[in-house]
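Subject: Structure handed over, with notes

Dear colleague,

Please find the structure below, and keep it open while you read the notes that come after it.

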Amino acid sequence: FIAETDIDSDYSRWMGFKQAMEKEGKFCSRTRLIVIPGERNRRIQKYKELLPRFLQVKAVAFSSDYAAIEAMNFLSDHGIKVPEQVSVTGFDDSIYARMVRPRLTTVHQDVGQKAHLAFSRLLRMVAGEQLKEFNIKSPVYLVKRDSVKILDSREYSCKLKEAICGEDGRESKYEYRIASTKFLPGNDRGFYNLFYEAFEYG
């Protein structure tokens, strides 16, 4: 999971990702959260460092559409095909998610609703009301487009085992587990289960 910060909304999105993985019975450690630099040149350098890892794990989730699209452009510039070689998802469902090619799979949130809610609460505070609710959750949903490739169970099993055990097939200190039915096409959580394994090792 690639985030621009480890606080505020990015952290909440990471925690949602983590909780979704754990709900599936998976262990999702803090090491799966990678925070990228704010300055663009340093960010691109970070992508270069992570590129071999991206190619190994085959899938990367980003905390925003902006970061996801920037990474997709980086991958394209380096001859890496999305989603054939690396699947990418974002968060926000911004207008650019539909404009970029391949179109970005992302998590939709209603920004207009958030703005309306924030403004109405501000007006209540100005009027002197003591607000009791401080943690308000807005509904989100997955928008499946073209930036994710759902691997079938046999292909995923082969790629994951090679990434974890190496070409010689010898197991490392990391446990190799797979529930094949969770990766079949049509399973909404299929690629998220794929992301679950993405940052467990290395």
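The notes below take up a few residues one after another.

This is a predicted model, in which local features need pLDDT of at least 70 and side-chain atom pairs count only at pLDDT 80 or more, while totals for chains, interfaces and linings use all residues. Residues are numbered from 1 along each chain as its sequence is written, and side-chain values use heavy atoms, with hydrogens and water left out.

I begin with R13, which belongs to helix α1 (residues 8-23); helices here are DSSP runs of H or I with at least four residues, numbered from the N terminus. R13 counts as buried because its relative accessibility is 15%, where buried means under 20% relative accessible area and exposed means over 50%, with partly exposed in between (1.4 Å probe, protein chains only). If residues up to four places away in sequence are not counted, R13 touches F1, S63, S64, F91, D92 and Q109, contact being heavy atoms within 4.5 Å.

Next comes A67, which sits in helix α3 (residues 65-77) and is likewise buried, since its relative accessible area is 3%. Apart from neighbours within four places in sequence, A67 is in contact with E4, I36, Y47 and F62.

Finally, V126 has its place in helix α5 (residues 111-126) and is exposed, because its relative accessible area is 65%.

Technical notes:
Helix = DSSP H or I, 4+ residues; strand = E, 2+ residues; numbered from the N terminus.
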